[in-house]
Amino acid sequence: MQVLKDKIQAEGVVVQNSLLKVDSFLNHQIDPNLMMQIGEEFALRFKNSNVTKVLTIESSGIAVAIMVGLVLQVPVVFARKKKSAVCNDDVYSTTVYSFTKKESNYVTVSTELLTAGENIMIIDDFLANGEAALGLTNIVEQAGANVVGIGIVIEKAFQPGAEKLKNAGYRVESLVRIQSFSNGQVNYV
Ligand code: G4P
């Protein structure tokens, strides 16, 4: 997606040749126009999948997922990493380990929000090791719903996430795929 590559080129910062900082438009400040273009692109790619709900994980997936849901006119659910104040024990849950942050999160979705037989599209901002996305597929399957695919804004193709998901049989659609970082530059697949 050229507009996203242009934004990364203009505002992304490569940190220690392993991380891409995109706090100015995706992870901290959010560019709503870009989010809408991203939402339209994902909606186009999944237009024949009869998506009934979008599922993401807090926090950075939410802005993207809302736009996809708006364009497809379906609800958006985000998995929580922290317990809700309104205590609800009826949840689907899984543990997601973050290699980047070196921490585990107990991730939950209320059982009221996912129904057996639904067609769920999973959205996340980054795909690195794939633990977050795999955790979400696990939650969808606990609900007896179908994963129609996984939409990723920025895939780090040099890390194993996409391959793990594809080997598990899931369709993965990444808007940009990063091959490597070198001297502060981003090289695409
Ligand atoms: P995974 O997301 O594929 O499971 O891989 P990993 O465990 O390595 O990533 C953990 C967290 O680090 C995720 O955020 C992911 O989005 C983020 N991340 C991984 N690589 C990069 C990168 O190059 N740049 C940026 N900006 N983030 C990266 P999270 O824990 O879900 O946090 P949140 O930002 O969504 O709240």
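User: How many salt bridges does the structure hold?
Analyst: The structure, which is a predicted model, holds nine salt bridges.

User: Which residue does R45 pair with, and how far apart are the closest N and O atoms?
Analyst: R45 forms a salt bridge with E173, and their closest N and O atoms are 2.9 Å apart. Because R45 lies in helix α2 (residues 32–45) and E173 in strand β9 (residues 172–182), the pair ties together parts that are 128 residues apart in sequence.

User: Which residues are in the network with those two?
Analyst: E41 and R171 are linked with R45 and E173 in a network of salt bridges. As for R45, its relative accessibility of 25% makes it count as partly exposed.

User: Switching to K53, what does its side chain meet?
Analyst: The side chain of K53 meets that of E118 in a salt bridge, at 3.5 Å from N to O. This pair links distant parts of the chain, 65 residues apart, with K53 in strand β3 (residues 53–57) and E118 in the loop between β6 (103–110) and β7 (119–127).

User: Is K53 buried or exposed, and what about E118?
Analyst: K53 is buried, with a relative accessible area of 11%, and E118 is buried too, at 13%.

User: And R177, where does it sit, and where is E155?
Analyst: R177 and E155 meet in a salt bridge through their side chains (3.2 Å, N to O), and this pair links strand β9, which holds R177, with strand β8 (residues 146–156), which holds E155, 22 residues apart. R177 is partly exposed, with a relative accessible area of 33%, whereas E155 counts as buried at 2% relative accessibility.

Notes
Residues are numbered from 1 along each chain as its sequence is written. This is a predicted model: local features need pLDDT of at least 70, side-chain atom pairs count only at pLDDT 80 or more; totals for chains, interfaces and linings use all residues. Side-chain values use heavy atoms; hydrogens and water are left out. A salt bridge is a side-chain nitrogen of Lys or Arg within 4 Å of a carboxyl oxygen of Asp or Glu. Helices (H or I, at least four residues) and strands (E, at least two) are DSSP runs, numbered from the N terminus. Buried means under 20% relative accessible area, exposed over 50%, partly exposed in between (1.4 Å probe, protein chains only).
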